[in-house]
Amino acid sequence: MAGIKIENLCKIYPGGVQAVTDINLDIADGEFIVLVGPSGCGKSTLLRMVAGLETITSGTLKIGDKVVNDLEPADRDIAMVFQNYALYPHMTVYNNLAYGLKNRGFAKADIDTRVRQAAKMLEIEQFLDRKPRALSGGQRQRVAMGRALVREPAAFLLDEPLSNLDAKLRVQMRVEIKHLQRRLATTSLYVTHDQLEAMTLGDRLVVLNGGRIEQVGSPMDVYRRPETLFVASFIGSPAMNMASIDLLRDRGQVEALDRFGKGTGLLGMRPDDMHLMRPDAPHISLSGRLELFEPAGAESHLYLSVEGAAEPYVMRVNGQPGLQEGQSIDFYVPTGSLHPFDPTTGKRTD
Amino acid sequence: MVESRRWGSLFSHLILILGVAIVVFPIYVAIIASTHPPGTFLRGVMPLLPGPNAIENYRTALTEGRSQAGAPPISLMLTNSLIMALAITIGKLSISILSAFAIVYFRFPFRIFFFWIIFLTLMLPVEVRIVPTFQVVADLGMLNSFAGLSIPLIASATATFLFRQFFMTIPEEMMEAARVDGAGPMKFFKDILLPLSVTNIAALFVIMFIYGWNQYLWPLLITTDPDYYTIVMGIQRMVTGGDSEPLWHLVMATVVLAALPPVLVILFMQRLFVKGLTETEK
Amino acid sequence: MQTKRSTFQNSWLPYALLAPQVIITLIFFIWPASQALYQSVLRQDAFGLRTTFVGFENFKRLFADPLYLSSMQVTLVFAVGTTLLSMGLALLFAVKVNDMLRSRNAYSTMLVWPYAVAPAIAGVLWWFIFNPSIGILPYILDMVGYDWNHRSSSTDAMILVIVAAAWKQISYNFIFFLAGLQSVPHSLIEAAAIDGASRTKRFWTIVFPLLSPITFFLMVVNIVYAMFDTFGIIHATTEGGPAQATNILVYKVYRDGFVGLNLGSSAAQSVILMGIVIVLTVIQFRYIERRVNY
């Protein structure tokens, strides 16, 4: 059990590509940290640097209180769950789980206890004598996790472990992973590109873009107060709508705009902060034409084209209001729910 | 697909049966000839149906050889061939898989240089360097020895390339997981890589065994002591040596014995063999 | 050239792993090859006492030597003949076998096994079949009035070795052609059928062009085979005769070097052969790369 301290970590590939720049992160013991961002943002590279599978160009990495920059993966007391599981195909599940312990010289009895314990926790006991090819995707994923569990390491590193599962299984496994982590209280570093996974799993989120940290915070903090344009558009689905301040000015909504700081050029509106009924609190009013009506079960998404806006705005409503495509819709956004940004710096202005 | 093929498939079968006949004919003839007494060949045409002397001829061939032409008993030559073929096969497989492992899983100075040196061997079959290679082997005192018969032939690159190609298809995570699991390079090689390579090794075994067994030019050059003759080169002495017409019944018996082991290997491991061929050459 | 994304860190192990192959390669491949290069520019006098550097003399002599030039021609005829005969038959068999469903494995097995037969043995077998006194084929040919004798007729000798060489290679080519045919997507053939193409047309306009990478590849392999692996056939049967009619280049190197003891000429011939192999190998590898991106 240990925390992870990342100080000014950088990774530059030979050839000059800067994969990861100036990462500073302080992970407490037992915390579940999710690294989230689009493809190529450096999240996997960062994880692999912590694992020891990528070298660190500059900066310090500490696991516990030990500087581990130059240690082999096997010596860092970490366990990893890979995206495509990386199970040894010619070994039984039992041997897959036991391999890491065997290499570290554990006694046979110890190995047996640990393997069976992990198998029980993950409900894969009946598979111990089978080979990976006889298992389904979800079962293989559990074996991959079991391999990490038996090691009882200082930290778990998980590299998009759920991406290869179908949607239903993914939701199921998400819940299990969260429960497991709470039970074991092991520091965990989890990489995903799925912002919903990130929101539901992490104690804290680290949003990455282009090799740099955009924002670190609890899921709700990041959701309610995105610090940069990137985080605002990445977290939350459907994505936040961006309105330019001129659009509102043109519609005479001037008073509402006074509260925003200098340099504000864009205002973000979350689809669920847009209402069909006029709210009591100070608000702005807009109207648009309903281009597309998307029923999504318990809710519906309305795609509205607003004059002066380049892209349609997406609005979330409960249920299925009887609306016609092509009709004009009035909607209201409380000014307290607007997120102001400076388009040149990309940063929040309040 | 719906098609009318009334005469088509009959025609196909005919062609194939004819083809098989052409292909099988020579060995058929050899087997037949090996079952006849010597006198049959002094008059008329070679027979097309089996004769009565099968057991006799084979026994003679195996035990006496053909002393006039200086060929030792076939059984000795068969043994020599077996040892040579196995030495070449095992030798080739071992050094190739180790080299491929080094080239794929390590980064070190001169890696590319070594790769090209190995690649060069593809362009230097023994036939283009016979005299100087003979000189080297003679200088090293390796004439008339199993070492001399096998070692100069085991370094060629085809197996190395096949293993390299195969290793490149193994997912990266396999090795990373092993590393995280505390396995060093040789442990990884023994516990993970080798078991995964078993099919490739088996397929290559077939091809290399045949290659080793059928070696002709090289054993011809470096063995002057009949005790080291191998069967495939030994046959030549029975056919072209001497002024008299060769003793065809014995020659054919020898031919059948010489061709039998590789043919059996192919027949029993056909699928592996085909896989090995089509993958080596990619 | 790529390695894996993750590699092991070790300073001496890779060298140790490479050592066996590299050492053997250096001793038995590179060194002799360089010796051949060196010897090809030397001439030994008759008693082997003095060697002089003669530059490209040996090479010039070879190219002016009618025997060498005729050997080149013989090799060309032999290589082309073997390749065409062997590939043609193999393609025919592969196409027919590909059409079969149930008997496919049986036919394949029976067509594949000659690969195991050594070229020298193939030579002896056909030598026997073509034997002027007791062979069955001359017997049959006699009935149609052709007097076969490969001991005296150079054409007959060439036919003999071509047949023996081609016979052995049919299996190899068959395996590759069959694999190639089976990798042609069914959807293409079906589309062609809907487009009204007859069976023959479909083969020549769709299937055969798709086979061209394999065909080209096999051509190179067959030529290399015919030029180098067929030593055994010649040595065990015609021994280059009658009168140099089947004296292919690789056999001539052996004769001049080992039997004639003319080291300089033999080395020069070896160097020329090396050059040919290098060209062919380069073509083969260049083309294989492109093969993947059909």
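Of the 294 residues of chain C, 54% count as buried. The model is predicted.

**Fold of chain C**
- Chain C holds twelve helices and two strands.
- The order along the sequence is α-β-β-α-α-α-α-α-α-α-α-α-α-α.
- The C-alpha trace of chain C spans about 75 × 75 × 30 Å along its principal axes.
- Among contacts in chain C with a separation of 6 or more, 66% join residues 24 or more positions apart.

**Surface and charge of chain C**
- The accessible surface of chain C is about 13,100 Å². Carbon and sulfur atoms account for 64% of that surface.
- Chain C carries 19 positive and 13 negative side chains. The centres of these two sets lie 10 Å apart.

**Contact between chain B and chain A**
- Chain B brings 15 residues to the contact, and chain A brings 23 residues.
- The size of an interface is often given as the accessible area lost when the parts come together.
- About 1,700 Å² is buried between chain B and chain A. Carbon and sulfur atoms give 58% of this area.
- On the chain B side, B:Arg179, B:Val180 and B:Asp181 lose the most area to chain A. Together they make up 40% of what that side buries.
- Two salt bridges are counted between chain B and chain A.
- A salt bridge links the side chains of B:Arg179 and A:Glu72, at 3.5 Å from N to O.

Notes. Residues are numbered from 1 along each chain as its sequence is written. Chains are lettered from A and ligands numbered from 1 in the order in which they are written. This is a predicted model: local features need pLDDT of at least 70, side-chain atom pairs count only at pLDDT 80 or more; totals for chains, interfaces and linings use all residues. Side-chain values use heavy atoms; hydrogens and water are left out. Helices (H or I, at least four residues) and strands (E, at least two) are DSSP runs, numbered from the N terminus. Buried means under 20% relative accessible area, exposed over 50%, partly exposed in between (1.4 Å probe, protein chains only). Contact means heavy atoms within 4.5 Å. Accessible areas come from the Shrake-Rupley method with a 1.4 Å probe; for residues, only the protein chains shown count as cover. Lys and Arg count as positive and Asp and Glu as negative; His and the chain ends are not counted. The place of a charge is taken as NZ of Lys, CZ of Arg, CG of Asp or CD of Glu. Buried area is the accessible area (1.4 Å probe) that two parts lose on being put together, summed over both. A salt bridge is a side-chain nitrogen of Lys or Arg within 4 Å of a carboxyl oxygen of Asp or Glu.
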